[in-house]
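Have a look at the chain below before you read on. The notes after it go through its holes, its helix contacts and a couple of single residues.

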Amino acid sequence: MADLELVLLSPLKKVMRYETLSDDGFGGFSMLNNEKKSFQLFISAQASEAQIDIKSDLDCIHAYKVEYLPSRLPLKKDTADDYVLLSDDGYYPDLLVPAESTVPLENGRALLWFEIEPQKNLPAGDHDITLTAVCAGESRSVSLTVKVICCPLDSQELIYTNWFHTDCLIDYYGIKAFSDEYWHIVGNFLKTAARHGMNCVLTPLFTPPLDTSYGNERTTVQLVGVEKIKNGYKFDFSNLARWIDLAQSYGIKYFELSHLFTQWGAHHAPKIVAEVRGKSKKIFGWKTRASSKKYKDFLTAFSAELKEFLEGRGLKDKIFVHVSDEPNEKQLKSYTFASKLINSLFEGYKIIDTLSEYKYYENGLVSRPIVATNRIVPFIGKAPELWAYYCTGQDSNYLSNRFFAMPSQRNRVLGFQLYKYDIKGFLHWGYNFYNTRLSIKRIDPYKVTDAGKQFQSGDSYVVYPAADGTALCSLRLKVFYDGFQDLAALKTLERLAGRETALSVLEYGLDKEITFSEYPHSDKWQLETRERINAEIAKRISD
């Protein structure tokens, strides 16, 4: 006897490895006719496998099996607040693997993730989805109803970059930079990123000087060819052109140029390799001070040719230029020097950097500040092109984040917050960082999810490298993208009814207004708020 049980679940429910579940009444949702929507199915039976059948007039439903991965550092217990699932070492649900019709049961359990991903606008009206499981001769079915609203979700306006580390792909797959295999795998990972909202990509003009210990080097991924000649330098932009073409083919619109000075203060030049008398040689790096005349001369020559190349392709307005990542209050002097140089060389371009100190913006050093969500309040209303970011440090005071141990609602609520404060862009540093902290060692991301017990699991990557060179999604990536769709739904409502109406619908019935730390800690509230937004959209298109 299989004793087969099925439970439908919302996409916000994180099912722990041995959790006992009961039916919470989830029975469907509404959606705009071009967006993605997800739901889950929990299966329990005294058997080793189950056959799954999907019946619906919607033919764009994809199934994934949720896999559990280990964490030795789910949270930093000295800073974490109490809006978490667990704080102990163990296994957490995260990896999504495409599911076949036969699903293996581990200890008599399996969790499936289903995603509706339309390739064209879906027909309006109610659509039923019936899931049937057959296990050891026993059959059970559950159904849900999807109400499709005859209105498309507005295009994503938010500029979103999640740092793409191509050196980690080279290291993991053992491939050569700029080989055919390299471009194929890079394309696969860019495609997955773009499908989940990433419309801006970190572009390694030179090997990005990010998360690298002093004196250490990461695998060279320099797109721009450099040759040292008698009277200066010669530049080859052919690989950069191929990178741009590839990214644009997947719908990526913006290009975030890699940092031209080292992280945390702009003290040194990044690693730059050139051909010198027929041999490849490192000409700049940790031994190059930021104030070096040779490096300034190099940047002067390089920037002139780079701008000509970019402007010849009509990209000037789609380019973001970095100086140095995360300077602190003690590094104002060194950053000021580097910033003034880059601003003079890239006059008229958009300069962006992550920072937390308001004086960097106040002094005109960064025209588009990217501010940690726990330090963003002084910038709100003062920086018209304000971006936000979070990373390992935003784990307290109920700030949104996407760690393994956090509820999915805490991940998704970011979309509402970004809308509330009219944030123009969002940055996260870890799309696929498969190293330990400071890139001292490489890791297997299926076995080490916490950067060598240095970053909370879930901080350093949101995709997994499949054996065939494709990117496997995490549960967190899907939920994070749902937050962007929530933001776009509010933008859709704003277009139909005005921003004041959209904000009133968002904060309906709340005792306190939404901030980056204040919001109801509730899956029910999150889902009902989105349904309320959809209902207001439906009302206005039918009037």
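Predicted model: local features only at pLDDT ≥ 70, side-chain atom pairs only at ≥ 80, totals over all residues.

Residues are numbered from 1 along each chain as its sequence is written, and side-chain values use heavy atoms, with hydrogens and water left out.

**Cavities**

- A quick word on terms: on a 1 Å grid over the protein atoms alone, a cavity is a set of points where a 1.4 Å probe fits but cannot get out, and a pocket is an open set with protein on both sides within 12 Å along at least five of seven lines; lining residues have an atom within 4 Å of a point.
- Grid points are joined across faces, edges and corners, and a volume is the space filled by probe spheres set on the points.
- The largest cavity comes out at about 130 Å³. Of the 14 residues lining the largest cavity, Pro 209, Thr 212, Asn 216, Lys 271 and Trp 286 are the closest to its centre.
- That lining splits into five nonpolar, five polar and four charged residues. Here Ala, Val, Leu, Ile, Met, Phe, Trp, Tyr, Cys and Pro count as nonpolar, Asp, Glu, Lys and Arg as charged, and the others, Gly among them, as polar.
- The second largest cavity has about 60 Å³, and its lining includes Phe 164, His 165, Thr 166 and Asp 167. By class, the lining of the second largest cavity has five nonpolar, three polar and two charged residues.

- The largest pocket has a volume of about 750 Å³. It has 26 lining residues, and Gln 156, Ala 194, Arg 195, Gly 197 and Tyr 481 lie nearest its centre.
- Two elements, α2 (180-195) and α9 (475-497), each give two or more residues to the lining of the largest pocket; α9 gives the most, with four. Helices (H or I, at least four residues) and strands (E, at least two) are DSSP runs, numbered from the N terminus.
- Nine nonpolar, nine polar and eight charged residues make up the lining of the largest pocket.
- The second largest pocket holds about 510 Å³ of space. Its lining has 31 residues, with Trp 264, Asp 325, Glu 326, Tyr 389 and Cys 391 closest to its centre.
- For the second largest pocket, the elements giving two or more lining residues are β19 (350-355) and β22 (425-428). The classes there are 13 nonpolar, 10 polar and eight charged.

**Two residues to look up**

- Glu 326, one of the residues closest to the centre of the second largest pocket, lies in the loop between β18 (319-321) and α5.
- Glu 326 counts as partly exposed because its relative accessible area is 23% (buried means under 20%, exposed over 50%, partly exposed in between, with a 1.4 Å probe and protein chains only).
- Glu 326 touches Gln 263, Trp 264, Gln 331, Thr 354, Tyr 389 and Cys 391, not counting residues up to four places away in sequence; contact means heavy atoms within 4.5 Å.
- Glu 326 and Thr 354 are 28 residues apart in sequence, yet 5.1 Å apart in space, C-alpha to C-alpha.
- Ser 408 belongs to helix α7 (residues 408-412). With a relative accessible area of 2%, Ser 408 is buried.
- Leaving out residues up to four places away in sequence, Ser 408 touches Pro 11, Leu 12, Lys 14, Leu 475 and Val 479.

**Helices**

- In helix α1 (residues 166-173), seven of the eight residues are buried, and these buried residues pack against α2, α3 and β23 (463-465). Just after α1, Gly 174 takes a positive phi of about 65°.
- α2 packs on helix α3 (residues 238-249) at an angle of about 35°, with the axes 10 Å apart. Axes are lines fitted to C-alpha atoms, for helices over the stretch in contact, and angles run from 0 to 180 degrees between N-to-C directions.
- Among the residues making the α2 and α3 contact are Trp 183 and Leu 190 of α2 and Trp 243 and Leu 246 of α3. By class, that contact has seven nonpolar, two polar and two charged residues.
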